[in-house]
Amino acid sequence: MSYSLTYPDPSSQTLVPIIETERLILRAFAKSDIDRFAEMHGDEEATRFTGGVKDLSASWLRMSAMLGSWSLKGFGPFAVEAKRDRKLVGLAGPWQPEGKWKEAELSYAFHPDSHGQGFAKEAVEACLRFVYETLEWPEAMSCIDKENTKSIALAEKLGARFERNIKIYKIVPVQVWRYPYPAEFDENWNLWGAE
């Protein structure tokens, strides 16, 4: 029997890039993130629009799927970490699980104790730039439940416009919120004409 085992060159780039903003680090999920990830997914209010409360085992599977997306699709959600205390505050990034919808979206969710601090806006802005500059997407959108007023407000702050109603997984009604196209931003990634 012939057998050969080869590991990728450890000096090569990691599969998941690292993005730094003023207050955040967007990076790959790590095993050490599971407790905060499970807290976030165990909170009834935080999961109201993302499939409901999940236990530790289901949270592990979800986090693993998000990390695995990088291998299978070349993109996936980032773990979002606050620089100030190195805590996981949420997730954000491109996401397209099979069977959900034909188009990839910018997905995001944040730990309840990080709400109201502007982390979601900062992370989604960075992800929008990532999908346009690095992945070279021609357009970007988010699927948002019509009752999720906080996510709709965030999408609007980022210049997104309501496009239409669709069903994800063939049964879950959501709204498509389309972000501005790359040409609508200036060289500093500010929307043209925004104050």
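**Exercise 1.** Where is the place of isoleucine 171? Say too whether isoleucine 171 counts as buried or exposed.

*Solution.* First, some ground rules: this is a predicted model, where local features need pLDDT of at least 70, side-chain atom pairs count only at pLDDT 80 or more, and totals for chains, interfaces and linings use all residues. Residues are numbered from 1 along each chain as its sequence is written, and side-chain values use heavy atoms, with hydrogens and water left out.

Step 1: isoleucine 171 sits in the loop between strand 7 (161–168) and strand 8 (172–178). Helices (H or I, at least four residues) and strands (E, at least two) are DSSP runs, numbered from the N terminus.

Step 2: isoleucine 171 counts as exposed because its relative accessibility is 65%. The scale runs like this: buried is under 20% relative accessible area, exposed over 50%, partly exposed in between (1.4 Å probe, protein chains only).

Step 3: the hairpin of strand 7 and strand 8 has 3 residues between the strands, and tyrosine 169 there takes a positive phi near 55°.

**Exercise 2.** Work out how strand 8 pairs, and how many of its residues are buried.

*Solution.* Step 1: strand 7 and strand 8 pair in the antiparallel sense over 7 bridges (two strands pair if DSSP finds at least two bridges between them). Arginine 164 stands opposite valine 176 in strand 8.

Step 1: strand 6 (residues 141–144) also runs antiparallel to strand 8, joined by 4 bridges. Here methionine 141 faces arginine 178 of strand 8.

**Exercise 3.** Which residues does glutamate 105 touch, leaving aside its neighbours within four places in sequence?

*Solution.* Step 1: find glutamate 105 in strand 5 (residues 105–110). With 3% relative accessibility, glutamate 105 counts as buried.

Step 1: list the contacts (heavy atoms within 4.5 Å). They are Gly93, Pro94, Trp95, Lys100, Trp137, Met141, Ser142 and Cys143.

Step 2: zoom in on cysteine 143, whose backbone nitrogen lies 2.9 Å from a polar atom of the glutamate 105 side chain.

Notes. A polar contact is a pair of N or O atoms within 3.5 Å; within protein, one must be able to donate a hydrogen and the other to accept it, and residues adjacent in sequence count only if both atoms are side-chain atoms.
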